[in-house]
Number of protein chains: 2
Amino acid sequence: MARQPGADATLLVVGATTRTAGIEGISAAGADPGAMAHTPSADLEVVTYGRPVRAPVVPVSPTGCPTPAVVTRAVRELVGLETVAVDAGLAEPTAAPTVALGEEPGEDVRESVAVPDAAGLVERAHDLGRRLPGPFVVGETVPGGTTTALGVLTALGESATVSSSLSENPLARKRAVVETALAASDLAAGDLAGEPVEAVRRMGDPVLAATLGLLRGADEAGTDVTLAGGTQLAAAAALYRHGGGDVPLELATTSFVADDGSADLWGLARDLDLSVTATDPGFDRRDHPATDAYARGEAKEGVGMGGALALADAAGVPMADVRERTVALADRLLAFDPPTP
Amino acid sequence: MARQPGADATLLVVGATTRTAGIEGISAAGADPGAMAHTPSADLEVVTYGRPVRAPVVPVSPTGCPTPAVVTRAVRELVGLETVAVDAGLAEPTAAPTVALGEEPGEDVRESVAVPDAAGLVERAHDLGRRLPGPFVVGETVPGGTTTALGVLTALGESATVSSSLSENPLARKRAVVETALAASDLAAGDLAGEPVEAVRRMGDPVLAATLGLLRGADEAGTDVTLAGGTQLAAAAALYRHGGGDVPLELATTSFVADDGSADLWGLARDLDLSVTATDPGFDRRDHPATDAYARGEAKEGVGMGGALALADAAGVPMADVRERTVALADRLLAFDPPTP
């Protein structure tokens, strides 16, 4: 499974919500806390249609940084990338077509159980993953997802650092959340090593459960799969490894995550035997509020952005074209009135 | 709305089942009656992935003629056509991503009510149609759909002829079904003129209800929409006209339907003020079991085939390329072992 994703790959974007995102100060995936529950639904619409359709929000950070879904959409338009949205537990409706796997949002990780039907979700995603034609690439949209990723990594006993959609990573705050979550589950760090389904049930989110299942299904079918994202997808890989999965895995992410000194993507990749491709879209070479925000360290990754950039690269699309299309889509998105409910 | 669909249009494929399809001898949309309930789910998978993924059937007629979904898929691959599957009431699961509108299959039209929640389905499709970016093109997959179309046309008092997926149109059999259906609803021909929602509730199927709603929504939003299909889509246009819809409409169909002497597409189009584009894929110029079956008059249309051909034409793709891609996909489909349940 470790080869570079080809331009003929299908990008699966797995979306869900977790009540963990409601904890103050851990996520920038929405203009305000009320908008955040709609962000994954809106992200899937941006990938599918180029703008929100039913989600009554424009997915931006509190500072106005547009969702990484615009980068994925830009690549989709430039290379005719096929995308499939997977609903692993969206809280709010979306007009994007989805493959529905679960439909129950995740609970706050500070509760004793974070993903009540983790086993069922893993199983249904496994079934989908073994059936889908390959190669495929898996990305995610789940606000609060780096905190649940940290929870899972901690429970498994892996390196407990993750990246952030905020330019200043609130890692201390996330660690405090994870400490509370471990206590609620009566666990210490490393207690769930080798028990990935229990780790995601106690400390994870629905996207992590679904991604674990997709990896197992692809493994069973011998299908090439690439992880498109940063530390959240690395946490999914950790779940796969802790269940005995030994197929080589590729992680395609952005230079923003790879260069994030507050995370330790390279250490995680080494520990988990992941081959990393980090693509730099050169946003520092384009003066625009959207690209400037990324260059400052906001958003960094998400909605398959790193995988989409790798696919654009594999298809021979110059990054300058990706930048121009991204800027055009971001301008259109930021000028768009949110849909009425 | 009457302009030729451009290559930038999104194709919506609205899928559902109706128990009407279980009536012997009215549909060729499945290898056997047991397979027919899976056909729309499989068709949506063929459009999305090029082959069945979860539906445990290979969608072919009893004589082995492959589903028109392969033609739509061929065009999708050739022009990067964006497609969105709409679930208006599938009886069986699909691995295709869908926008779910209803999820209740239609009843047998010989019952007094054929689409119990017709009003709700029209309303939800209306909401989707007014939100979706345009231009869009609407196709269908619903085995038994020409019989329900005949039912609706009869109830509205429009010209009561429809085409068929069988080379010999069992029109007398369909008319007998419609007579029984009218009697079950205590109706005579023309009794529901001007009452489209009641006509589809009594005599239609979920796809007709959803398409009526999509047309109304596009009308409200001023979005360009093209109907991609034959007499079933003409029946949807009849519903729209009987509700007072007066925007010019384009119907993009295949030469197989346009040339079908047993149907009266041109008369319907005149009565309903539809501008017709009939595209000939030249299947008589390609010697292959799949193209030969179409040239003999099997299948004829469905799953947006006529609209897809018009989009290929608008994009400047030679029909010879469409034929070669269709044949390659049909060979792959016919050699494919149906997925295990």
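Colleague: In which loop is Lys300(A) found?
Modeller: This is a predicted model, in which local features need pLDDT of at least 70 and side-chain atom pairs count only at pLDDT 80 or more, while totals for chains, interfaces and linings use all residues. Residues are numbered from 1 along each chain as its sequence is written, chains are lettered from A and ligands numbered from 1 in the order in which they are written, and side-chain values use heavy atoms, with hydrogens and water left out. Helices (H or I, at least four residues) and strands (E, at least two) are DSSP runs, numbered from the N terminus. On that numbering, Lys300(A) belongs to the loop between H12 and H13 of chain A.

Colleague: Is Lys300(A) buried or exposed, and what is its phi?
Modeller: Buried means under 20% relative accessible area and exposed over 50%, with partly exposed in between (1.4 Å probe, protein chains only). At a relative accessible area of 5%, Lys300(A) is therefore buried. Its phi is positive although the residue is not glycine, with a value near 75°.

Colleague: Which phi does Ala299(A) have?
Modeller: Ala299(A) sits in the loop between helix H12 (289-295) and helix H13 (305-314) of chain A. Ala299(A) has a relative accessible area of 13%, so it is buried. Ala299(A) is not a glycine, yet its phi is positive, at about 65°.

Colleague: What confidence does the predictor attach to chain A?
Modeller: The pLDDT is the predictor's confidence in each residue, on a scale from 0 to 100, and where it is low, the predicted coordinates should not be read in detail. For the complex, the predictor gives a pTM of 0.96 and an ipTM of 0.94. In chain A, 98% of the residues reach 70 or more, and the mean pLDDT is 95.

Colleague: Where is the cis peptide bond that involves Pro135(A), and what is its omega?
Modeller: Pro135(A) lies in the loop between helix H4 (118-131) and strand E4 (136-141) of chain A. In chain B, a cis peptide bond joins Gly134(B) and Pro135(B), with omega about -5°. In chain A the cis bond runs from Gly134(A) to Pro135(A), and its omega is near -10°.

Colleague: In E6(B), what is the bridge partner of Leu227(B)?
Modeller: Both faces of strand E5 (residues 225-228) of chain B are covered, with Val225(B) and Leu227(B) buried on one side and Thr226(B) and Ala228(B) buried on the other. Two strands pair if DSSP finds at least two bridges between them; E5(B) runs parallel to E4(B), with three bridges, and parallel to strand E6 (residues 249-254), also with three bridges. In E6(B), the partner of Leu227(B) is Leu251(B).
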